[in-house]
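Please read these notes with the model open beside you. They are brief and follow the order in which I checked things.

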Amino acid sequence: MLDIRDLTKQFGKGDSAVTALHQVSLSIAEGEFFTLLGPSGCGKTTLLRLIAGFEPPSGGALVLDGKDIALMPPNQRPVNTVFQSYALFPHMTVAQNVGFALEAQGRPKAEVARVVEKMLALVQMTHLRDRKSAALSGGQQQRVALARALAPQPRILLLDEPLSALDMKLRKEMQVELKRLQQETGLTFIFVTHDQEEALTMSDRIAVMNGGRLQQIASPRELYDLPENRFVASFIGESNFLMAQKLAGMIEIEGSKTALPSGFAAAYDGPVIVMIRPEHVVLGQGPSDAIRLTAQVERLVYFGTDTHIHMRLRDGTPLVARVQNALRGGAIAKVGDSVPVAFPQDALRLLPDTEA
Amino acid sequence: MAERAFNIRRLPGVATLAIGCFVILYIPMVILVGNSFNAGKVIGHWEGVSLHWYVAALHNEAFLAAAQTSLLLATLAALIATITATMAALATTRAADFRGQGAIHLIVNQPLMVPEIVLAIALLIILAQVKQATGYTGLGYLIAAHTTFCIPFAYMPIRARLEGMDLSLETAAADLYASRFYTFRRVTLPLLAPGILAGFMLAFVVSLDDVVMSDFLKSPGQETLPTYLMGELRRNLTSEIYAISSLLLLISVLIVAGSWAATRKKA
């Protein structure tokens, strides 16, 4: 439905120019909950603003339903935004805010009133319809902002970190609420966030961005299980990075070898980076195809459901294992212990050795 | 919580100093207003409370004519100045950066910095020629002159209000299918209204009490309230002047209070 082709954005001119987006290309399907994820300054908000039309791109195309809308002004695009600050009109009531777009389009009064009622019901704000928007709580403003953006029935709803101003409990509630709304309306959502957990729990697909470049586009599960590079692996979840040698279809870490995991036939032999998630590190012998090493326990951090064991390998590489806490039984290990650790072969991921 | 801000009331002598300042500032006005209620004819000689001089003033044709001129002049000058100042403020805060934006800011505020008498003399020389050439001797010259020095007073609160406004509101309106004009009418203007009102009232008061410009540029027979009062002071000093001054003060106070209330609410 939306095809983004080689979209580029530069701010400033000449020597002081800053490139916020480097030839980003991606396609978003109808009805998808698509998330742009990355640290601040990665270009995700710039991309959103280009889609909304608040900034013109420096190059590339934005094709919506077969039509290039890259240079179309924002008030002509069938795309609406939920702003991070909500940007509700403070001098208008809740109902007037929700009806704004339809009135601006010159729709008949009866239709405006009907849609406003429907939208207020959808976000459960009917009882506050005549309240001034400035007199609402954060969560309520959030709902009004959503209803206002949904009222004109856009082809795509853009959400710019809409939950970042809410407290933890409200944020969780709104996550569920947003997902419900998206499924009920069947609308395409493009969601911007820097919160990986938010992205993993809500999205159909996630585009991870860094430094104005796309790093990987995948489903949450794929992104976590098969990160394509070190940035994605460290940004999504926690990871251990280990220096390894690749030789003749085998990988070797500190003298212990195992067969190369399938799908990782790198072209050359030599040093590689191997990634393993803390929950996949086994304390003990592990399966027969595991890489087996010895590590020294430095610190134990108790998290309720599990314990993080911070260790060091013999060469000084830090290693974290995450072990679920049993109902009974004592400590898993003690600080200062030398313990056997195992990396099952199918939990190892080879990453291209770029970006240290 | 961090330590509370420095509490000025704890300083020794602050209350005395403050009261002293208020007395010095307001005693003359209190005396003026008090004298306006004096029943006697001779200034400084108290003969009891009376509204006599107010009644006399309201029957004074010359005063009423001057008051009418002043109110008309202040209304028109403030109106034109406010419209111009609103446009200038929008151009300096909302338009994409353009060359000379800073210069515009400076030019708009220039009447605040140029001595009024210099501007008045300059205008006198030019307008005398214009009057002779066109034969027109109406209120237009005063309206134009008052408008120039009213603009910066109208400009300041309007610009302050625009700068304080959340830009994302206008972006949101554009996102919600509003044209630029619709956005201005439904979002920018309603939010700007208190600033515009404050600007108008400030400009109105400034025009209402101007002496220098009016005295230099008025055509024969024209009087504004301040120039009329000046003339009266030279001729006959009766308590009627106190009554008229008190009325002028009342109008100014009402307008300044109104402007303060307008900017304070939902600021």
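1. How many aromatic pairs does the rule count over all chains? The count comes to 11. Rings of Phe, Tyr and Trp (its six-membered ring) pair if their centres lie within 6.5 Å; planes under 30 degrees apart count as stacked, over 60 as edge-to-face and the rest as tilted. Take F54(A) and F83(A): their ring centres are 5.8 Å apart and their planes sit at 20°, so this pair is stacked. The pair links distant parts of the chain, 29 residues apart. F54(A) is in the loop between α1 (44–52) and β4 (59–64) of chain A, and F83(A) is in the loop between β6 and α2 of chain A.

2. Some ground rules. This is a predicted model, in which local features need pLDDT of at least 70 and side-chain atom pairs count only at pLDDT 80 or more, while totals for chains, interfaces and linings use all residues. Residues are numbered from 1 along each chain as its sequence is written, chains are lettered from A in the order in which they are written, and side-chain values use heavy atoms, without hydrogens or water.

3. Confidence in chain B. Its mean pLDDT (the predictor's confidence in each residue, from 0 to 100) is 86, and 95% of its residues reach 70 or more.

4. Fold of chain B. There are 11 helices and zero strands. Both are DSSP runs, numbered from the N terminus: helices are H or I of at least four residues, strands E of at least two. The C-alpha atoms of chain B fill a box of roughly 70 × 65 × 30 Å along the principal axes.

5. The interface. Contact (heavy atoms within 4.5 Å) takes in 26 residues of chain A and 17 residues of chain B. The two chains bury about 1,800 Å² between them, 64% of it on carbon and sulfur atoms. Buried area is the accessible area (1.4 Å probe) lost on being put together, summed over both parts. In chain A, N75(A), H91(A) and F100(A) lose the most area to chain B, together 30% of what that side buries.

6. Charge across the interface. The rule finds one salt bridge between chain A and chain B. A salt bridge needs a side-chain nitrogen of Lys or Arg within 4 Å of a carboxyl oxygen of Asp or Glu. R186(B) and E103(A) meet in a salt bridge through their side chains, at 2.9 Å, N to O.
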